[in-house]
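Hi,

Here is the structure I promised to pass on.

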Amino acid sequence: MNRLALLAVGVAGLTVLAAGPAAATPEAAADQTVTTCGNSGLQAGLLTRLCAEVTGNAVQFYGRVSLAGPPSPGSPTPATKELSTTLSAEVVGAGSPPLTQDKPVVFTTTTLEVRGPASSVPCGTTVRGTFGVASFPWTPQPVVVEVTLTC
């Protein structure tokens with residue numbers, strides 16, 4: 001059984017009543033996607049941000065990597081960077097290990113998006129995502145976002 005299936009099975013009976021810091025709006029239709037993003041962070045000298053897309057009882061996290069600011073006029077184009085990204089999702093309070101995706105990417109000068117797998121969880125569940133970016137000599141300092149599925 002793959003990790004995504006284990007995550008779904010592990011949370012099948014879980015009911016979390018506590019509201020998280022971010023929640024999908026209750027008036028959203030089951031087929032409407034609500035996007036919630038966390039705070040930005042600096043990792044590997046780049047600006048990073050983690051967002052969650054919630055549609056019904058499905059949630060998908062994605063991380064974004066971009067330049068921390070515009071290059072100075074007349075300066076050379078920033079060098080291409082090889083990055084190691086880690087995107088993980090876990091059900092808060094479930095006690096099961098997070099579903100983690102490690103992916104090497106190459107960053108040029110345009111915003112890069114790293115998508116994780118979509119997961120279905122019961123309504124009322126709070127899911128936490130983390131996104132870390134590393135590039136020698138920098139270690140990751142992950143950004144985090146939590147969403148509660150209100151369906």
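**What I found**

Arginine 115 sits over the face of tyrosine 62, 4.5 Å from the ring centre. The cut-offs for a charge over a ring are NZ of Lys or CZ of Arg within 6 Å of the ring centre and within 35 degrees of the ring normal. Aromatic pairs, on the other hand, number zero in the structure; a pair would need Phe, Tyr or Trp (six-membered ring) centres within 6.5 Å.

Before you dig in: this is a predicted model, with local features needing pLDDT of at least 70 and side-chain atom pairs 80 or more, while totals for chains, interfaces and linings use all residues. Residues are numbered from 1 along each chain as its sequence is written, and side-chain values use heavy atoms, leaving out hydrogens and water.

Overall, the protein chain has one helix and ten strands (DSSP runs: H or I of at least four residues, E of at least two). Of its 151 residues, 36% are buried (under 20% relative accessible area, 1.4 Å probe).

Threonine 85 is worth a look. This residue lies in strand 5, residues 81-91, and counts as buried because its relative accessibility is 1%. A polar atom of the threonine 85 side chain is 2.7 Å from the backbone oxygen of lysine 103. Leaving aside residues up to four places away in sequence, threonine 85 touches (heavy atoms within 4.5 Å) Lys103, Val105, Val114 and Phe131, among others.

Cheers

Note on methods: Buried < 20%, exposed > 50% of the residue type's maximum accessible area, 1.4 Å probe, protein only. Polar contact = N/O pair within 3.5 Å; in protein donor to acceptor, adjacent residues only side chain to side chain. Phe/Tyr/Trp six-rings, centres within 6.5 Å; stacked < 30°, edge-to-face > 60°.
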